Number of protein chains: 2
Amino acid sequence: MIEASDAVRGRPVGVFDSGVGGLTVLHELLVRLPHEDYVYLADSARLPYGDRSPEQVAAFALEVAEELLARQIKLLVVACNTATAAAMPVLRERMVRTTPGVEVLGVVAPAAVQAVAATRRGRVGVLGTPATIATGAYAAAIAAIDPFVAVTSVSCGDLAGRIEAGTIDEPLVAEVRAHCAPLRAAGVDAVILGCTHYPLVRPIIQRMLGPDTAIVTSGAPLARQVEHVLGARGLDSRAEGEGRYGFLCTGEPDAFCRRGTRFLQLPLGAVERVALGAAVAA
Amino acid sequence: MIEASDAVRGRPVGVFDSGVGGLTVLHELLVRLPHEDYVYLADSARLPYGDRSPEQVAAFALEVAEELLARQIKLLVVACNTATAAAMPVLRERMVRTTPGVEVLGVVAPAAVQAVAATRRGRVGVLGTPATIATGAYAAAIAAIDPFVAVTSVSCGDLAGRIEAGTIDEPLVAEVRAHCAPLRAAGVDAVILGCTHYPLVRPIIQRMLGPDTAIVTSGAPLARQVEHVLGARGLDSRAEGEGRYGFLCTGEPDAFCRRGTRFLQLPLGAVERVALGAAVAA
């Protein structure tokens, strides 16, 4: 059995997003792998990433990775669909070259596996931001796992922004209903929430799609893959009790705290401000 | 929503194996998709396929496919690990060229998806015949789905032959224990039974591996993928009640019947003898 040293096993898992959405992924990690330590970096001075070019997102992601690697993480989690689509190859290449023991995981592939495992009728839906749907990343990941699964993708405009604004009202319900209509028409029985903000309106989505539709979020499948990497390499923490978690933020810490608790569903505590490359100048 | 005509939907699913092992796959299909009709072809005059060259197995598989296609199947299921490993590309090419509406599915990929979805620690075991393990097909399929999952494969000698002989005794238990030892040492928490005979000793294997190890057989994941193909293409039967199933056999029908019931766990009924290409001469 492969085993790492105690010192390496005790290192934190690094989690990265442009803002608060990735906290729904951290939430799953905290619940499913409670013995681990985590450090979360929000590049909030430069959000939203969705409006940036893929090249710019990749450059930002590399700066974030350097900051987290300097804090001795044992694994890097990209808890952001836009960054996963734009930066994964460049991050993998960086890791293999300089810190080969540290893997980088993204949100797309693990969710695709769970959706394929969940669908019975072979019809999967994907809800995502325009940037994520435009990459076709989910459809490609599903086709690679099971080419016989039909995928219906829906670009959900600024639903993420609306969710972050925080008002749950009838116009929001109407918008979710409209996004779900093509999925109902296609007869899907499993739906991937391809944006880390969407789990906050999961009850609305479930109501629109019906109780027999399996909903797959980014967090749980990614937590499962984190468990795979740590387990397969003997990197899992053997500490007793709950691990620690802390936050870094390139923007205003108070705003991050204010918006973040609803996404994490756990207390945030202190947030440390960090300056990354062009972040201060941007 | 994609829909086929009533006439096409009412056609049977073709299932193919060299002998009785594939009946454990048909069993799952009969239980999980009971409204469908099935026709099963056992190429028992030429078994075991495990001793043949991949080229010969591919040639046999093409002859079987022609016989089943002549009987108007809507989907071809290769319920045999050896034939899946050796003949899948050639069968796919044949289908795309001549009968593009009829897909061909094999046992390896669906089981790999379910094992990746089931493992928590990221350590999967595979038990298979020497021929199947030698191809590395399962390890490759798992790596394609999740490269972070560690795979431990064990070649189980003639365990299939021993199971087919039918005696459940201490030497059999000792043999299963020996095959499971490397999986226990590797700390796997999900195990693929990569041979259609092995589900008959599943209780012995489960006892060796412990109740927390998920066991993935060929039948259930393949039945799920059959449901995907039929569902995604509107090819699923809308008939009420239970469908029909029938058997074709290139060897001696009585021997097939005698050995088959234990694998199918349902009555076999009549078996029709068919002659394929070189089958009579072989």
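Helix 2 of chain A and helix 11 of chain A are oblique to each other, where angles under 35 degrees count as roughly parallel, over 145 as roughly antiparallel, 65 to 115 as roughly perpendicular and the rest as oblique. Helices here are DSSP runs of H or I with at least four residues, strands are runs of E with at least two, and both are numbered from the N terminus. This is a predicted model, in which local features need pLDDT of at least 70, side-chain atom pairs count only at pLDDT 80 or more, and totals for chains, interfaces and linings use all residues. Residues are numbered from 1 along each chain as its sequence is written, while chains are lettered from A and ligands numbered from 1 in the order in which they are written.

Stay with that helix pair. Helix 2 of chain A covers residues 23–32 and helix 11 of chain A covers residues 219–232. Their axes come within 8 Å and cross at roughly 50°. Axes are lines fitted to C-alpha atoms, for helices over the stretch in contact, and angles run from 0 to 180 degrees between N-to-C directions. The crossing of helix 2 of chain A and helix 11 of chain A is right-handed. A crossing is right-handed if the near helix is turned clockwise from the far one by less than a right angle, and left-handed if anticlockwise.

Which residues meet? From helix 2 of chain A come A:T24, A:V25, A:H27, A:E28, A:L29 and A:R32. Helix 11 of chain A answers with A:G219, A:A220, A:L222, A:A223 and A:V226. Two residues are in contact if their C-beta atoms, placed from the backbone, lie within 7 Å. This contact has six nonpolar, three polar and two charged residues. Ala, Val, Leu, Ile, Met, Phe, Trp, Tyr, Cys and Pro count as nonpolar, Asp, Glu, Lys and Arg as charged, and the others, Gly among them, as polar.

Helix 2 of chain A also packs against helix 12 of chain A, residues 253–264. Their axes come within 8 Å and cross at roughly 50°. This pair is therefore oblique too, and its crossing is right-handed. A:L23, A:T24, A:L26 and A:H27 of helix 2 of chain A meet A:G260, A:F263 and A:L264 of helix 12 of chain A. Four of these residues are nonpolar, three are polar and none is charged.

Now the sheets. In chain A, four strands form an open sheet in the order 6-5-7-8, with parallel pairing. Two strands pair if DSSP finds at least two bridges between them. Strand 6 (150–155) and strand 8 (214–216) of chain A each have a single partner strand, so one side of each lacks a neighbour in the sheet. The twist averages 20° from one strand to the next. Strand 5 of chain A, residues 123–128, is joined to strand 6 of chain A by six bridges. One bridge pairs A:R123 with A:A150. Helix 9 of chain A (residues 170–186) packs on this sheet and touches strand 5, strand 6 and strand 7 (190–193) of chain A. The direction of helix 9 makes about 165° with that of strand 6 of chain A.

Turn to chain B. Here six strands form an open sheet in the order 4-3-1-2-9-10, again with parallel pairing. Strand 4 (103–106) and strand 10 (271–273) of chain B are the edge strands. Strand 9 of chain B, residues 245–249, runs parallel to strand 10 of chain B, and three bridges join them. B:L248 stands opposite B:E272. Helix 3 of chain B (residues 54–70) packs on the sheet, touching strand 1 (13–17), strand 2 (38–42) and strand 3 (75–78) of chain B. Helix 4 of chain B (residues 81–98) packs there as well, touching strand 3 and strand 4 of chain B.

These two helices also pack on each other, at an angle of about 55° with their axes 8 Å apart. Helix 3 of chain B passes helix 4 of chain B in a right-handed crossing. Their contact has eleven nonpolar residues, one polar and one charged.

How do the chains meet? The contact takes 26 residues from chain B and 26 residues from chain A. On the chain B side, helix 11 of chain B gives the largest share, six residues. That side has 13 nonpolar, seven polar and six charged residues. For chain B, 100% of the interface residues are also interface residues in chain A, so the copies meet through the same surface. A rotation of 180° with 0.0 Å of shift along its axis superposes chain B on chain A, with an RMSD of 0.0 Å. The superposition is by least squares on the C-alpha atoms of residues with pLDDT of at least 70 in both copies. The two copies are thus related as by a two-fold rotation axis.
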